[in-house]
Amino acid sequence: MRRIISVLVENEPGALSRIVGLFSQRNYNIETLTVAPTEDATLSRLTITTAGKPQVIEQITKQLNKLIDVVKLVDLTEGTHVERELMLIKVRASGAMRAEVKRSADIFRGQIVDVTSSVYTIQLTGTSDKLDAFIEAIGAASVLEVVRSGVTGMARGEKVLSL
Amino acid sequence: MELLSGADMVVRSLADEGVEYIYGYPGGALLHVYDALFRQDKVTHILVRHEQAATHMADGYARATGKPGVVLVTSGPGATNTITGIATAYMDSIPMVILSGQVPSDFIGTDMFQETDMIGVSRPIVKHSFLVKKAEDIPETIRKAFYLAQTGRPGPVVVDLPKDITNINDKYEYKYPEKVKIRSYNPPQKGHTGQTRKAVELLLKARRPVIYSGGGVILGHASEQLTRLAKKLNMPVTNTLMGLGAYPGSDRQFLGMPGMHGSYAANLAMHHSDLILAVGARFDDRVTNSTEKFCPSAKIIHIDIDPASISKTVTADVPIVGPVAPVLEEMNRMVEDSGRLPDQDALGNWWKQIDDWRESRGGLFGYDRGNGETIKPQQVIETLYEVTRDSDPFITSDVGQHQMFAAQYFRFDKPNRWINSGGLGTMGFGFPAAMGVKLSFPDSPVACVTGEGSIQMNIQELSTCLQYDLGVKIINLNNQALGMVRQWQDMQYNSRYSHSYMESLPDFVKLVESYGHVGIRVERPEELRPALERAFALKDRLVFLDVNVDPGEHVYPMHIKDGSMRDMWLSKTERT
Ligand SMILES: Cc1ncc(C[n+]2csc(CCOP(=O)(O)OP(=O)(O)O)c2C)c(N)n1
Ligand SMILES: [Mg+2]
């Protein structure tokens, strides 16, 4: 099953490599990983998406918690949550396709952030599924380049991940 | 406030931490620190002959005393030579602090002479590591390293020291912190009372219980609490390879160790039990055999300080996260307060069954004594036990058949007396580990049971023993083969002995004599006891007993791969 794990870690050199290392060392998979400092400069927040059987996920959270640099973590998929991923996608947009691409971007609430005579660069945010759906709608033949940020997210409502 | 250089702060911090011995080897990146060592006399430095041996010495010290062992090595090759020893300590949760030299801060990442990324190389085999950035941070970092190494689930901690911050000219205010706090690190201080109560309920209802206790009981100093509980409830006890001595090995309730080379009685008792109380044990594959077939009718209580050890390979019915000593203490109290005991008829029948198993094999472990012409390795251990048992000995071992024979046939009545590399299975561990023990227990007999393969992996330390007068006894079960490898080749590869023989062995007697030690060759069974007695009578000398043992011997019982715990070979021809 797909899981989203949010992790608060000490903003120390080496902390990220310990986390990434843990995944390869213990044969867990990482599908996406995002990381940036938080409003508290001593902490970074990571979001990891992974997949595995419940026992494996349990081990992942336990092993992560064991790392000294890890302050706190939560499996967002255990409760209701908001998740977003950002994508920049460069699409061929010439001739008749130009209007078509624009229309698709509008439907998906994408923004065109860069334009040339033959290319649109579109920014899109949403769940990973939505981004996948957009790529499909555009058609592989028209897609020139894609970059995705990986998933980030937080729990809904009052629940917060903080010190 | 006192002003000290970085190098002096390193050494003073160790002294203020109460460190008696450090084991190490100098080099360029550490010259400042070695200079600081020279100018003081609080911390004693032991110069080894290979950095791997320094880690095993520190490890042996830690296992015998319960205190962290300390290693000091230079950058690059000095640091990488410690990796096997750090991994050995990590697998067995041994507290250790490794101080490694590093190239100057500004040169990190430039492939400078003798640079390796020690933090990176050691990352998967440490509990934590620090790269110290400023001299002022040295005392606090060292304090944190010791705190982490010995609290919670213990383990090795690396402190990497760039050369520039240890230079002896720049001085800073020195104060060793009494306490440190790491906000993200809060090891449990006690168990959950509700869970413990549930566990006690199960214990009192059990009809066929077994206590399965591991190295955690020794690390957690809970031997007394465990023994009291087992006695009160009259339960059978098995100690894993790492846990031998946590429950007295010569007691009637002790079933021997369980697992791949565990006793018939221990493996059958676990397989047929209806309740397993696992304490500080981790359901290692060398114990469980196939986890799917593991103890089909047993409920499992699992006490461990590390939540990640619980339900990792075998799911626990009642998990209790906490240090084993207070949890067992609380269990003892709850049992006392309840005024109840388990069903005595059921327990009586269970004991009768276990005694039948035990008697059917003529004891916990048994072997064919042969025709009296060759020395059996098992017999060496039995005699070693008889000769030393009244003098509270420490026994270390290397890895192979000799290790299993030692674990099977020596009866350890106290914790911290049996010292071996269980998790990593590191050949070359035993001798330096024995040296680390001997240094701290000069009046106790310390013997290393080894094989001619293993001993050659750190034999250079004979020189260190000469320098520091370390009178360890080396009992070499010389079967002229990598016996454990050959056993598997006999059993699974039709005796095709691919590279498992030991050709060109040195004359061990002459070799140790050349270092100024005593060597004794033992070739006939009747020579064995007198030789052992002589070796231990030569109290302060290193004595190497080169014992020619039967090269055809296998270790039994042996689990049959992919089976349950009761599926075992009992001899070359007999299986369950
Ligand atoms: C460093 C290392 N290399 C390889 C092994 C694999 N191994 C396990 S036991 C063994 C044979 C050990 O031979 P010896 O020390 O003579 O002991 P014996 O089994 O003959 O008693 C080997 C090679 C190991 N455990 N450690
Ligand atoms: Mg051998």
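Guide: Strands in this text are DSSP runs of E with at least two residues, helices are DSSP runs of H or I with at least four, and both are numbered from the N terminus. Please keep in mind throughout that this is a predicted model.

Visitor: With those elements in hand, where is Pro557(B) found?

Guide: Pro557(B) sits in the loop of chain B that runs between β19 (543–548) and β20 (558–559).

Visitor: Is the peptide bond from Tyr556(B) to Pro557(B) cis or trans?

Guide: Most peptide bonds are trans, and most residues other than glycine have a negative phi. The bond from Tyr556(B) to Pro557(B) is cis, its omega lying near -5 degrees.

Visitor: Which value does phi take at His221(B), and is that residue buried or exposed?

Guide: His221(B), a residue other than glycine, has a positive phi, near 50 degrees, and its place is the loop between α9 (215–219) and α10 (223–233) of chain B. Because exposed means over 50% relative accessible area, His221(B) counts as exposed at 53%.

Visitor: And is Asn416(B) buried or exposed?

Guide: Asn416(B) is not a glycine either, and has a positive phi of about 65 degrees, in the loop between α16 (401–409) and β15 (418–419) of chain B. Since buried means under 20%, the 14% relative accessibility of Asn416(B) makes it buried.

Visitor: How should I read helix packing, and at what angle do α15 and α22 of chain B pack?

Guide: Angles under 35 degrees count as roughly parallel and those from 65 to 115 as roughly perpendicular, so a value between these ranges is oblique. Helix α15 (residues 377–388) and helix α22 (residues 525–537) of chain B pack at about 40 degrees, with their axes 10 Å apart, and α15(B) is therefore oblique to α22(B). Their crossing is right-handed.

Visitor: Which residues meet there?

Guide: From α15(B) the contact includes Val380(B), Leu384(B) and Val387(B), and from α22(B) it includes Leu528(B), Leu532(B) and Phe536(B). Sorted by class, this contact has seven nonpolar, three polar and three charged residues.

Visitor: Turning to the nonpolar core, which residues touch the most other members of the largest one?

Guide: Such a core joins buried nonpolar residues through side-chain atoms within 4.5 Å. The largest has 99 residues, of which Met331(B) and Leu545(B) touch the most other members, and its largest share, seven residues, comes from helix α13 (residues 324–338) of chain B. Not counting residues up to four places away in sequence, Leu545(B) touches a set including Ile474(B), Val522(B) and Leu532(B).

Methods
Residues are numbered from 1 along each chain as its sequence is written. Chains are lettered from A and ligands numbered from 1 in the order in which they are written. This is a predicted model: local features need pLDDT of at least 70, side-chain atom pairs count only at pLDDT 80 or more; totals for chains, interfaces and linings use all residues. Side-chain values use heavy atoms; hydrogens and water are left out. Buried means under 20% relative accessible area, exposed over 50%, partly exposed in between (1.4 Å probe, protein chains only). Contact means heavy atoms within 4.5 Å. Axes are lines fitted to C-alpha atoms, for helices over the stretch in contact, and angles run from 0 to 180 degrees between N-to-C directions. Angles under 35 degrees count as roughly parallel, over 145 as roughly antiparallel, 65 to 115 as roughly perpendicular and the rest as oblique. A crossing is left-handed if the near helix is turned anticlockwise from the far one by less than a right angle, and right-handed if clockwise. Ala, Val, Leu, Ile, Met, Phe, Trp, Tyr, Cys and Pro count as nonpolar, Asp, Glu, Lys and Arg as charged, and the others, Gly among them, as polar.
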